[in-house]
Amino acid sequence: MDVSTFEELVALVSPSIERKNTSMRKAIPAAERIALTLRYLATGLEIQVPESENEWKMVAEEFWAKWNFPLCLGAMDGKHIRIKPQSHSRATYRNYKRFFSIVLLALVDANLKFLYVDVGTNGRVSDGGNLN
C-alpha cells in the first residue's frame, strides 16, 4: 500500500476510532467528588430510594433508554475517606489499602440523581458488605 492510500484510509476511519472528549471520561478528584456530594446532601433535597418493584423497573428502563445498559438498577461508587481513628478502634477502620478510613457509598439513577447515600461505615467493610 502506498503512502497516499494509507493516509486516505486513515482519514476515512479516524472519526470513528479517535478518542472523544466526553464528560464520562473526565476524572473528578476525590476531594471534589466528596465536596459535591456533601453540598448536594446539605441542600436538604430528599433522596428517594425506590421501594416497589415497579419503581426499580422504572430505574432500569431509564438506564436502558438513556445509556443502553439493560437490567441496570443504578450506578454505584464508593470512596474511602481518610480518618484518624481512636486508639481502641484502629483495626476496625484499617482498610485493604492499609490506611484508616470511613466509606462514602452512593447509588445514582440514569440521570445522576442520588437514589441512596451512606457515609460512615468503617473502612474494613467491603463495598458489598456496606451495601448490605
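## A charged pair on a helix

Let's start with a single side chain: Lys57 is partly exposed, with a relative accessible area of 42%. On this scale, buried means under 20% relative accessible area, exposed means over 50%, and partly exposed is in between (1.4 Å probe, protein chains only). Lys57 has a partner, Glu53, and the two form a salt bridge whose closest N and O atoms are 3.3 Å apart. A salt bridge here is a side-chain nitrogen of Lys or Arg within 4 Å of a carboxyl oxygen of Asp or Glu. By that rule, the count comes to one salt bridge.

How are the two residues placed along the chain? Glu53 and Lys57 are four residues apart in helix H3, so about one helical turn separates them. Glu53 is exposed, at a relative accessible area of 59%.

What you're looking at is a predicted model, in which local features need pLDDT of at least 70 and side-chain atom pairs count only at pLDDT 80 or more, while totals for chains, interfaces and linings use all residues. Residues are numbered from 1 along each chain as its sequence is written, and side-chain values use heavy atoms, leaving out hydrogens and water.

The pLDDT score is the predictor's confidence in each residue, from 0 to 100. Its mean over the protein is 78, and 71% of the residues reach 70 or more.

## The overall layout

The protein has five helices and three strands. Both kinds of element are DSSP runs numbered from the N terminus: helices are H or I with at least four residues, strands are E with at least two. Read from the N terminus, the order is α-α-α-β-α-β-β-α.

Of the 132 residues in the protein, 25% are buried. The accessible surface comes to about 10200 Å², and 56% of it belongs to carbon and sulfur atoms. Those areas come from the Shrake-Rupley method with a 1.4 Å probe, and for residues only the protein chains shown count as cover. A contact means heavy atoms within 4.5 Å. Among contacts with a separation of 6 or more, 44% link residues 24 or more positions apart.

## A three-stranded sheet

The three strands build an open sheet in the order S1-S2-S3, with antiparallel pairing. Strands S1 (75–82) and S3 (114–122) stand at the edges with a single partner strand each, so one side of each has no neighbour in the sheet. From one strand to the next, the twist averages 15°; axes are lines fitted to C-alpha atoms (for helices, over the stretch in contact), and angles run from 0 to 180 degrees between N-to-C directions.

Two strands count as paired if DSSP finds at least two bridges between them. S1 and S2 have eight bridges, and S2 (residues 101–108) and S3 have seven. Leu104 in S2 is the bridge partner of Lys79, and its partner in S3 is Val119. Leu105 stands opposite Asp118 in S3.

Is S2 enclosed or open? Eight of its eight residues are buried, so S2 is largely enclosed by the rest of the structure. In a regular strand the side chains alternate between the two faces of the sheet. In S2, Ser101, Val103, Leu105 and Leu107 point one way, while Ile102, Leu104, Ala106 and Val108 point the other way.

## Loops worth a look

Two loop residues are buried: Asn95, between helix H4 (90–93) and S2, has 6% relative accessible area, and Gly123, between S3 and helix H5 (127–131), has 3%. Leaving aside residues up to four places away in sequence, Asn95 touches His80, Ser101 and Gly123. Gly123 and Tyr96 are 27 residues apart along the chain, with their C-alpha atoms 8.1 Å apart.

Other loop residues are exposed. Arg98, between H4 and S2, has 66% relative accessible area and a positive phi near 70°, though it isn't a glycine. S2 and S3 form a hairpin with five residues between them, and Leu112 in the turn has a positive phi of about 65°. Leu112 isn't a glycine either, and it counts as exposed at 62% relative accessibility.
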